Amino acid sequence: KSPNGIFTEAELPYEAIHEDLQNDTLNAVKLAFNCYRQNNIYEFNMGVPNEVLLIRKADYKNFFESNSVVNNITSFVTKHGEVSPNQYTFENITRLVNHCLYEKNEAKKKAQAEAGSNWNEQAWEEKWNTDEATKDWNKVLIIPVTVIYDVNNSNTITGIQNDLKPSYAKMEGGAQGGDVNLEVTYTRFNN
């Protein structure tokens with residue numbers, strides 16, 4: 001909802017993707033959130049947010065405080081219905097998946113080197129998933145935003161702000177049921 005600051009949170013299965021594709025090349029990861037149909041039965045209905053930001057939960061406060069723009073690694077923008085009606089579709093978040101997996105693997109290597117012969121992978125995994133600094137490593141937020149584009153180039157984003165117009169979209173998934181669509185495209189090489 002906007003401007004209430006109620007955001008959709010999603011947990012992405014980075015590790016499951018990695019485990020399934022250990023010997024393959026990850027080409028693309030497409031993520032789509034279907035919205036429930038809104039019935040216009042009231043005189044003053046709120047519309048659906050036109051644009052939303054997908055961003056790592058750990059990064060969202062700093063993103064707005066530092067007036068950042070999307071980098072298509074840890075933050076992405078899409079428009080409602082741009083790919084499919086009544087849906088927010090992020091065409092390719094492969095760089096996000098790879099970035100998060102790399103970050104975790106580097107932290108694990110460092111901890112393993114520091115622990116030496118005292119290394120306990122199970123204890124480290126448990127700490128990684130419960131520690132305040134890292135527990136949200138696989139979570140993203142979907143935030144309604146207003147995107148400001150360069151007047152000379154409509155593809156260049158010059159600013160992103162929280163959307164302050166009253167609007168909302170109820171998305172399928174989670175406790176309400178329905179599926180979140182995650183399509184993984186990969187290349188497998190056979191010997």
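Trainee: In this predicted model, are F63 and F64 buried or exposed?

Mentor: Both F63 and F64 are buried. That word requires a relative accessible area under 20%.

Trainee: Why is the pair of F63 and F64 called edge-to-face?

Mentor: Ring planes over 60 degrees apart count as edge-to-face. The planes of F63 and F64 stand at 85°, with the ring centres 5.2 Å apart, so the pair is edge-to-face.

Trainee: How many aromatic pairs are there, and what makes F7 and Y60 one of the pairs?

Mentor: The count comes to six aromatic pairs. Ring centres must lie within 6.5 Å, and those of F7 and Y60 are 6.0 Å apart. Their planes meet at 75°, so this pair is edge-to-face.

Trainee: Which parts does the pair of F7 and Y60 tie together?

Mentor: F7 lies in the segment before β1 (8–11), whereas Y60 belongs to helix α2 (residues 60–65), so the pair ties together parts that are 53 residues apart in sequence.

Trainee: Why is F7 called partly exposed, and what is the value for Y60?

Mentor: Partly exposed covers the range between the 20% limit for buried and the 50% limit for exposed. F7 has a relative accessible area of 25%, so F7 is partly exposed. Y60, with 22%, is partly exposed as well.

Trainee: What makes C35 and C100 count as buried?

Mentor: The limit is under 20%. C35 has 6% relative accessibility and therefore counts as buried. C100 has 0%, so C100 counts as buried too.

Trainee: How many disulfides does the structure hold?

Mentor: The structure holds zero disulfides.

Trainee: Which residues of helix α4 are buried, and how do you know that they line one face?

Mentor: In α4 (residues 121–130), W124, E125 and W128 are buried. Viewed down the axis of α4, the buried residues fall within an arc of 100°, so they line one face of the helix. They pack against α1 (14–20) and α3 (94–115). The face turned away from the buried side carries the exposed residues Q122, E126, K127 and T130.

Trainee: Which aromatic cluster includes W124 and W128?

Mentor: Y14, W119, W124, W128 and W137 form one aromatic cluster.

How values were computed
Residues numbered from 1 in each chain as written. Predicted model: local features only at pLDDT ≥ 70, side-chain atom pairs only at ≥ 80, totals over all residues. Heavy atoms only, no water. Phe/Tyr/Trp six-rings, centres within 6.5 Å; stacked < 30°, edge-to-face > 60°. Helix = DSSP H or I, 4+ residues; strand = E, 2+ residues; numbered from the N terminus. Buried < 20%, exposed > 50% of the residue type's maximum accessible area, 1.4 Å probe, protein only. Disulfide = S-S within 2.5 Å. Arc of directions from axis to C-beta. Contact = heavy atoms within 4.5 Å.
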